[in-house]
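Me: I am new to this structure. Please show it to me, and then let us go through some questions.

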Amino acid sequence: MMDMDSIYREQANAVFKYLMTLCYEEDTAQELTQETFYQAVKSADKYNGSCKVSTWLCQIAKHLWYQELDRRKRKGTSQLDENLVSPKAALEEELCIKEEKMELFRKVHVLEETAKEVVLLRLTGEFSFREIGDIFGKNENWARVTFYRAKQKLVKG
């Protein structure tokens, strides 16, 4: 039997960071983190130990995020950007930064799926290479090499 209390204490922050790399919305990431652990408790008897607990939890989280995306598509949900209600100078600076970010994310978007996830986990989720390796069931060196190769592709363009 799994001790879900200790697993929650050890893994909740990592699952939250992972979800932040997927959705970029703190409230949504918090809700999905809670739902991830709820689903994990419901299906704890199905966990067979073939992967690390962190990997299993991130897989649940990713599936919940995909369900959320489907739900949003069905509802046609769009959120307003709250940052647009700022002073003019700050707004111009924000727009420049957003344009640069958009360009970077456009480049990241065309990367192969695994490379894209590694880059997003590293840059937006601030995961260590060891944590990224754990999420994918690989080692730290694999995560470093994958990130480096993706970064090289982004630089080339």
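**A buried threonine and a helix pair**

Reply: This is a predicted model. Thr21 has a relative accessibility of 2%. The cut-off for buried is under 20%, so Thr21 counts as buried.

Me: Which helix holds Thr21, and which residues is Thr21 in contact with, leaving aside neighbours within four places in sequence?

Reply: Thr21 sits in helix α1, residues 4-23. Leaving aside neighbours within four places in sequence, its contacts are Leu120, Leu121, Thr124, Gly125 and Phe127.

Me: How are α5 and α6 placed to each other: parallel, antiparallel, perpendicular or oblique?

Reply: Helix α5 covers residues 113-123 and helix α6 covers residues 129-136. Their axes come within 10 Å and cross at roughly 140°. Over 145 would count as roughly antiparallel. The two helices are therefore oblique.

Me: Which residues make the contact of α5 with α6, and how do they divide by type?

Reply: From α5 come Thr114, Glu117, Val118, Leu121 and Arg122. From α6 come Phe129, Ile132, Ile135 and Phe136. They divide into two charged, one polar and six nonpolar.

Me: What is the hand of the crossing of α5 and α6?

Reply: The axes cross at roughly 140°. As α5 passes α6, the crossing is right-handed.

Me: Where in the chain is confidence lowest, and where is it highest?

Reply: The chain averages a pLDDT of 82, and 85% of the residues score at least 70. Confidence is lowest in helix α4, residues 88-109, at a mean of 69. Over residues 78-88 the pLDDT is below 50. Confidence is highest, at 92, in α6.

Key:
Residues are numbered from 1 along each chain as its sequence is written. This is a predicted model: local features need pLDDT of at least 70, side-chain atom pairs count only at pLDDT 80 or more; totals for chains, interfaces and linings use all residues. Side-chain values use heavy atoms; hydrogens and water are left out. Axes are lines fitted to C-alpha atoms, for helices over the stretch in contact, and angles run from 0 to 180 degrees between N-to-C directions. Helices (H or I, at least four residues) and strands (E, at least two) are DSSP runs, numbered from the N terminus. Angles under 35 degrees count as roughly parallel, over 145 as roughly antiparallel, 65 to 115 as roughly perpendicular and the rest as oblique. A crossing is left-handed if the near helix is turned anticlockwise from the far one by less than a right angle, and right-handed if clockwise. Contact means heavy atoms within 4.5 Å. Ala, Val, Leu, Ile, Met, Phe, Trp, Tyr, Cys and Pro count as nonpolar, Asp, Glu, Lys and Arg as charged, and the others, Gly among them, as polar. Buried means under 20% relative accessible area, exposed over 50%, partly exposed in between (1.4 Å probe, protein chains only). pLDDT is the predictor's confidence in each residue, from 0 to 100.
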